Amino acid sequence: MNKHHYVTEVRRQLSDTGTYKKLQGDPTYSIQRKINTVIDKYMSLGTIDSKTKTFLINHHPVTPVLYILPKIHKNVQNPPGRPIVASTDSVLNPLSRFLEKILTPYTRMTKSFILDTSDFLTKIRNILSVPPDSLLCTLDVNSLYTSIVHDRGIAAVSLTLQEAGIDNNTHDLCIDLLNLVLRENFFLFEDDFFVQICGTAMGSNVAPAYANLYMDHFEREHVYANPIFQQHARIWYRYIDDIFCIWQGNHTSLQEFYNDINTTRPELTFTLVHHHSEVTFLDTKVLKDSVGILSTDLYSKPTDCNSLLLYNSCHPKSTKDSLPRSQFKRVSRIVSDPEVKATRVQEMSEKFRARNYPADLLNTESIKRFCEQGQGLAETSIRQIPLFHEFIFNKLFANSIIYECSDYFDFMTCGIEYPVHWHRELYLIEC
């Protein structure tokens, strides 16, 4: 993509007055005053402490800037751009990080939640078989992040916090901070300042959790209660805006349900792909045979090329040496059929050889060892939790027992409903 097309594409998106508004100048100072007002209010109420206040206020913020990533899989010659706001160290970034830590656990309690490919594979392989005449479907929400109406998204988060039993002051603090993150979301492109007046910015820490809770609210209102869905949907899993569904019905009933959910909210539109024998979801191809047995295979987009890191690059040797292990583990984890797996392993070996990787990393024994390491789907996850204040622990985890386990801390819940999904996960606390 040359510079002219890049700038033209960005300007085309910024001309959407329903999503963006041009500002007269840099709003950083006025936003800082609004943040200070909110924080002082909750300090006086005793909702937050001085450590939390120190974390939330950035006295020397960096101006966030907009850039786009070309979606070459949609158009190689003139690809549309995925807008991202680089907001690290911006005035709103501490608020976004704070909200991310609070809201993310609730997303994992949602009915359709998928964490990643491994989580999806675990769920799929627990399904022994499906009706042979069922349909495999995927749905995708078009431009979800920039389509969420503020009032509806905030209402979804508010409902989640209320259902979790969060006290009123903590609830109001979260909502006030979320309003600031969403409604004051400004950025710079070239010499112009803009504010996003609809949706959330990709690049904001809280954006995935916010979008997840919004979609959960939508599903509860318009999907799970839909009588056609209740009659025909066998499986419904969602990774933010990507949905996998197994539909036990004909094309007519599926299309009727699709029309229903596609017309409930004007800002929310879906695309639907369905097939009797195969669909793609995330980086996985899901296949169904003639008797209803499911299998999985690697999926690569038609525009994908061999972009593995060159071994003679200047990256650390440890980084380059770890790539074959991670990629062969990925093959072993995703590909379920042994014969297909052998083929995919050979294809992956050829890709590494083409990028000048040494023979000792690609010999039979090494590949076998890597693949064996990838057999187990359940992997220990380590979450980074900055210990910048005591707010989250005091407000949300007061009933948890924390004990040291080697270099980490293990959070074990004690008969409380929140957060039950954190069982057996390790959390690395940054001091």
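**Exercise 1. Which residues of helix H2 are buried?**

Solution. Buried means under 20% relative accessible area and exposed over 50%, with partly exposed in between (1.4 Å probe, protein chains only). In H2, the buried residues are Thr28, Ile31, Gln32, Ile35, Val38, Ile39 and Tyr42. Seen down the axis of H2, they fall within an arc of 130°, so they line one face of the helix. The arc is that of the directions from the helix axis to the C-beta atoms. Now turn to the face away from the buried side: the exposed residues Tyr29, Thr37 and Ser44 sit there.

This is a predicted model: local features need pLDDT of at least 70, side-chain atom pairs count only at pLDDT 80 or more, and totals for chains, interfaces and linings use all residues. Residues are numbered from 1 along each chain as its sequence is written, and side-chain values use heavy atoms, leaving out hydrogens and water.

**Exercise 2. What do the buried residues of H2 pack against?**

Solution. Contact means heavy atoms within 4.5 Å. The partners are helix H3 (50-56), helix H4 (93-107), helix H8 (168-183) and strand S5 (186-189). Helices (H or I, at least four residues) and strands (E, at least two) are DSSP runs, numbered from the N terminus. Just after H2, glycine 46 takes a positive phi of about 80°.
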